Amino acid sequence: MKRAMQHWLPLVAFILALLTAWPRLLPGDAMRFKIASVAGTVAAQPSQSTQLLNNPQPSAHAATLTELADGRIAAAWFAGSEEGARDVAIYFSTFDGARWQPPAPIVSRAQVQSDTGRLVRKLGNPVLATDWQGHIHLWFVSVGYGGWAGSSINHSVSADAGRTWSPAVKMITSPFWNVSTLVRTPPLALDNGHSGGWGLPAYHEFAAKRSEWLQLDAHGNVRDKVRIPASQQTLQPAVVALDPRRAIAMMRDTGPANRIRLATTSNGGRNWDAAHPTSLPNPNASVALLRMQDGRILLAYNPQTANRDKLALSISGDEGANWGPPKLVEDSAGGEFSYPVLLQARDGTVHLAYTWQRRDIKHMAFAPNALEAGK
Amino acid sequence: MTSAQTTLGLLSQALIAAWLINRVALRLPLCIRAVVVMGGAGFILLQFDNGLSAAMAMRALWGDPSITTMQLLALSIAGRPASIGRTPAIALAIIGIVFYVLALGLGDFDPYRIGFAAGPLVVVLAGAAAATWWRGQPLYLWLLTVDLAAFGLGIMESNNLWDYLFDPLLVLAALVVAIRRR
């Protein structure tokens, strides 16, 4: 009797363990993008302004924007003595339509170290998004050892419009010491029942460069990871949804083609078609995409194959198949105007923010009709 | 506030340290060895003025070991080392190397994705483990059982089953066993 029990015990235990794990072994629901309803929300006179965000540090880079529940615009970026320095922190500020508040650090290296229980040597790219409850989600990269290719992603949430933030949680996205998954571009909200979730564009840098797509649940837990086919040598996919199932991603090209690459999905990001180069030049620099309320797609990019001293906007009226001529917003030889981010507020105002000379973040707010020729 | 998953991650680094110290101190009397092992494991958890511990530095380097690795380390420290055998070690080394090369970006296929909806993976692993159990070797079924239970309870930060099954350190150990044993 005892011998029979000893023999069968491992099998019985295995079945119990399998039952415990079963819910987590099943594939997730079909993915659908949440498409914002915009009817009747466009203001007659969207605000217009151009200003620097008064970065308090010598260096600033990689801005991200989100609209808060009360209609204010929030920005985050990383700033310190120089990129990669130990004093770099994530800074946060809000815009009330007229003025940016003085920026304040919301994430420090020491705090992330304590929160995640890991040595942290430097912080980088933040990404903001606001969920349907009005909570602000912040994703940012950190590095323990090595360069940016050794990055991993952290996630934190604010339930009080950015005044306080939850402890950072490390996201596990890679099996090899969790190295080399980075974020830079904003996520798309997913519409899976009432719980929601996120599709978060990401990329891999160590050993090979690839664009990726993370599916997260409403709490930020990773539920799937997709490598975009034929995305070798690309980084920082910028993604916009065309409808609940279709989206396009446009990617930074690290060379040698130096053309923005484009990929599409028609099943909510679960699978992507092979990326292909567009005719748009790219000097190995991040791009930003926005699907405006009128359905046109706005692209912010450096319209050149080398240097980042020009920054431009282009519009596509046919879901990214063709693009209008670039409208320059910056053109200064030897300058750096890079890492743009785009947002359209509920009142219709388009917001553009980008790294300005590596010293500050510049913000422009304008009405969509300002993009028409001659304006 | 440190989460339970972070605490487990730090303790798993202490387990690695304990195993290493135990290996070095094998010739010491058992009671002294136990003190040295526990003292050493405790030391790496100590935070210094800068808020850092050796466990945090180790964790930043190689992440958390898999549940399989933790089980094998614990068995070894407890004086009941699991005999994995050369053939399984060779298989794990080959699978692991191919897996990591692909996961690090060689080609469009990323095998890591399989671990997010891992039902088919579990069917294959369970079949292999049950076959060895039927032949009188329950070790692999026990290892997989604990891995699955841990995954079901979500005790690690990862939501990917692969991270519970093996890790680069285990693959490296398997490679060493595969090369050394003749």
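**Conventions.** I am working on a predicted model, where local features need pLDDT of at least 70, side-chain atom pairs count only at pLDDT 80 or more, and totals for chains, interfaces and linings use all residues. Residues are numbered from 1 along each chain as its sequence is written, while chains are lettered from A and ligands numbered from 1 in the order in which they are written.

**Contact of chains A and B.** I counted residues in contact, meaning that their C-beta atoms, placed from the backbone, lie within 7 Å. Chain A gives 44 residues and chain B gives 47 residues. I took helices (H or I, at least four residues) and strands (E, at least two) as DSSP runs numbered from the N terminus. On the side of chain A that touches chain B, at least two residues each come from helix 1 (2-25), helix 2 (109-116) and strand 13 (222-227) of chain A. Helix 1 of chain A has the largest share, 10 residues. I then sorted by class: Ala, Val, Leu, Ile, Met, Phe, Trp, Tyr, Cys and Pro count as nonpolar, Asp, Glu, Lys and Arg as charged, and the others, Gly among them, as polar. That side of chain A has 25 nonpolar, 11 polar and eight charged residues.

**Domains of chain B.** I looked up the domain assignment, whose bounds come from an automatic or database source. Chain B has domain 1 (1-63) and domain 2 (65-182). Their centres, taken over C-alpha atoms, are 23 Å apart. The contact uses 11 residues from domain 1 of chain B and 11 residues from domain 2 of chain B. On the domain 1 side, helix 1 (residues 4-24) of chain B supplies the largest share, nine residues. By class, that side holds seven nonpolar, four polar and no charged residues.

The bond from Gly255(A) to Pro256(A) is cis, with omega near 5°. I found Pro256(A) in the loop between strand 15 (247-253) and strand 16 (259-265) of chain A.

Ser180(A), not a glycine, has a positive phi of about 75°. Ser180(A) sits in the loop between strand 9 (169-171) and strand 10 (188-189) of chain A. For burial I used counts of other C-beta atoms, placed from the backbone, within 10 Å of a residue's own: buried at 20 or more, exposed at 12 or fewer, partly exposed in between. Ser180(A) is buried, with 27 such atoms.

Glu319(A) also has a positive phi, near 60°. Its loop runs between strand 20 (310-316) and strand 21 (327-331) of chain A. Glu319(A) has 17 C-beta neighbours inside 10 Å, so it is partly exposed.

**Helix 2 of chain A.** Seven of its eight residues are buried, so helix 2 of chain A is largely enclosed by the rest of the structure. Among them I noted Arg109(A) and Asp115(A). Just after this helix, Gly117(A) takes a positive phi of about 65°.

**Strand 14 of chain A.** Eight of the eight residues in strand 14 (residues 234-241) of chain A are buried. I count strands as paired if DSSP finds at least two bridges between them. Strand 14 and strand 15 of chain A pair antiparallel over six bridges. Ala241(A) stands opposite Ala247(A) in strand 15 of chain A. A hairpin of five residues joins the two strands.

Notes. Contact = placed C-beta atoms within 7 Å.
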